[in-house]
Amino acid sequence: MATTTRDAVDELLQTYGETGGINYLAAAANLPSRLSIEAACTELMSLMFPGFRSEALVSSEDLADTTRIRVRHLHARLRTEICRSLGKIPPDFKQLPSVRRMLWTDIDAAYEGDPAATSYEEIILAYPALEAIAIYRMAHLLYGKVPLIPRIMTEWAHSRTGIDIHPGAQIGSHFFIDHGTGVVVGETTQIGSHVKLYQGVSFIARSLGAGQALRGKKRHPTIEDGVCIYAGTTIMGGDTVIGANSTIGANVFLTKSVPPHSLVYYEEKEVRVVPKRKHEPETARDEFQK
């Protein structure tokens, strides 16, 4: 080994002995395996949508036994990873059926909200937003109960889809993200039911200057039921509430609340907030996408 290389190794080894919180060497057994959690995400998607992943086809007669085997395998995998960080067994899977029912509302929303969708099968197989939402909903079950694992799950989905949904966010039924790339949903975001987003929408904190002093505080906006938000819009702040059944146009930057049934858009470099017409035609709303 060349002297310069040996010197670099020696110096690198020296940093391993220094404090700073990034050295886990002997204590690595107390960290969950990222690879195992990512594999668990794949298994969870197979449980939610049997026959839609790359696994072998399962006949109706074998579905019950196959599902039991999958759940036992997944339980063992997660138990190992959770025990590594907590020393406790993981929560049970009693909530998985309700998650699957919730996901069907998201699929319904995608089909009803996207004229390009030709079938439910296309949405399940080809829509990245559904994968991001599905992993979020399952990670949300573990959020606040298990460290690290929920965030690893949603970051796995983020890396695959370009959609960043924090597992701590609260999201209602019939949630649809069209296209999806660049969407950011912060930890304390609250989203009602029947909400539709387009690409590049961000729900962010007003200021992170206070750093850890903001932990546990409401930092991200609240989006009420029936809101539609077009591409490139950013909504900021924990006190910001977007009233029910409002439409927010493309590339709007909002830091203040708007009342229900509002129409928000840019005009002459200013944000306009006006009441929506009772029977606003779809063609008018579609103008926001241009």
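Trainee: What volume does the second largest pocket have?

Mentor: The model is a predicted one, in which local features need pLDDT of at least 70, side-chain atom pairs count only at pLDDT 80 or more, and totals for chains, interfaces and linings use all residues. Residues are numbered from 1 along each chain as its sequence is written, and side-chain values use heavy atoms, with hydrogens and water left out. On a 1 Å grid over the protein atoms alone, a pocket is an open set of points with protein on both sides within 12 Å along at least five of seven lines, while a cavity is a set where a 1.4 Å probe fits but cannot get out. Grid points are joined across faces, edges and corners, and a volume is the space filled by probe spheres set on the points. Here the second largest pocket comes to about 270 Å³.

Trainee: Which residues are the closest to its centre?

Mentor: A lining residue has an atom within 4 Å of a point. The second largest pocket has 13 of them, and Leu 47, Met 48, Thr 67, Leu 96 and Arg 100 are the closest to the centre. At least two lining residues each come from helix H2 (34-48), helix H3 (63-86) and helix H4 (96-113). Helices (H or I, at least four residues) and strands (E, at least two) are DSSP runs, numbered from the N terminus.

Trainee: How do the residues of that lining divide by class?

Mentor: Ala, Val, Leu, Ile, Met, Phe, Trp, Tyr, Cys and Pro count as nonpolar, Asp, Glu, Lys and Arg as charged, and the others, Gly among them, as polar. For the second largest pocket the division is 8 nonpolar, 2 polar and 3 charged.

Trainee: How many cavities of 30 Å³ or more does a search of the whole structure find?

Mentor: The search finds 2. The second largest cavity holds about 40 Å³ of space. Its lining includes Asp 106, Ala 110, Tyr 127 and Phe 176. Two or more lining residues come from each of H4, helix H6 (128-142) and strand S3 (176-177), with H6 giving the largest share, 3 residues. By class, this lining has 9 nonpolar, no polar and 1 charged residues.

Trainee: Where does Asp 106 find a salt bridge partner?

Mentor: Side chains of opposite charge can pair when their charged atoms come close. The cut-off used is a side-chain nitrogen of Lys or Arg within 4 Å of a carboxyl oxygen of Asp or Glu. The whole structure has 9 salt bridges. In one of them, Asp 106 meets Arg 137 at 2.8 Å, N to O. Asp 106 lies in helix H4 and Arg 137 in helix H6, so the pair ties together parts 31 residues apart in sequence.

Trainee: Are Asp 106 and Arg 137 buried or exposed?

Mentor: Buried means under 20% relative accessible area, exposed over 50%, and partly exposed in between (1.4 Å probe, protein chains only). Both Asp 106 and Arg 137 are buried. Another salt bridge joins Arg 151 and Glu 155 (3.4 Å, N to O). These two residues lie in helix H7 (residues 149-161), 4 residues apart, about one turn of the helix. Arg 151 is partly exposed at 41% relative accessibility, as is Glu 155 at 21%.

Trainee: How many disulfides does the structure hold?

Mentor: A disulfide is a pair of cysteine sulfur atoms within 2.5 Å. The structure holds 0.
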